[in-house]
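Dear colleague,

Please find below the structure that I am handing over to you. My findings follow directly after it.

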Amino acid sequence: MSAVTLTNWILGSILGLMILLFLFRIVLTWYPQVDLKRFPFNVIAVTTEPFLAPLRKLVPPIGGVDITPVIWLGIVSLLRELLLGQQGLLTMATRLH
């Protein structure tokens, strides 16, 4: 297994997990009564909050709705597509080897 293939696999797994966590975080915003300090919700909150908190300073809630998880979902999805998609940089590098 080459270094590019290994990087492709690891990065794909990490970005896929991040997309899943941000999707869960979006769903959790629909239920404000959910306590994010209780298991299993704290796993989602602890892993996504370091990304969301700085962005909330730039993009405040709109109409009381926190849209930062949606923005991060878009960023991570775009990054995954640019790197690992059909025409992605790492995909093309894998084809060269």
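**Packing of α3 and α4**

The axes of helix α3 (residues 68-84) and helix α4 (residues 89-96) come within 3 Å of each other and cross at roughly 15°. Axes here are lines fitted to C-alpha atoms, for helices over the stretch in contact, and angles run from 0 to 180 degrees between N-to-C directions. Helices are DSSP runs (H or I, at least four residues) and strands likewise (E, at least two), numbered from the N terminus. The two helices α3 and α4 are therefore roughly parallel to each other; angles under 35 degrees count as roughly parallel, over 145 as roughly antiparallel, 65 to 115 as roughly perpendicular and the rest as oblique.

Leu82, Leu83 and Leu84 of α3 meet Leu89, Leu90 and Thr91 of α4, where contact means heavy atoms within 4.5 Å. The residues of this contact divide into five nonpolar, one polar and no charged (Ala, Val, Leu, Ile, Met, Phe, Trp, Tyr, Cys and Pro count as nonpolar, Asp, Glu, Lys and Arg as charged, and the others, Gly among them, as polar).

**Basis of the model**

This is a predicted model, in which local features need pLDDT of at least 70 and side-chain atom pairs count only at pLDDT 80 or more, while totals for chains, interfaces and linings use all residues. Residues are numbered from 1 along each chain as its sequence is written, and side-chain values use heavy atoms, with hydrogens and water left out.

**Overall form**

The protein has four helices and zero strands, and its pattern along the sequence is α-α-α-α. Its radius of gyration is 16 Å, whereas a compact globule of 97 residues would have one near 13 Å (taken over C-alpha atoms; the globule rule is 2.2 Å times the number of residues to the power 0.38). Along the principal axes, the C-alpha atoms fill a box of roughly 50 × 30 × 20 Å. Buried residues make up 28% of the 97 residues, buried being under 20% relative accessible area, exposed over 50% and partly exposed in between (1.4 Å probe, protein chains only).

**Thr48**

Thr48 lies in helix α2 (residues 41-58) and is buried, with a relative accessible area of 1%. Not counting residues up to four places away in sequence, Thr48 touches Leu21, Phe22 and Arg25. The C-alpha atoms of Thr48 and Trp72 are separated by 9.4 Å, these residues being 24 apart along the chain.
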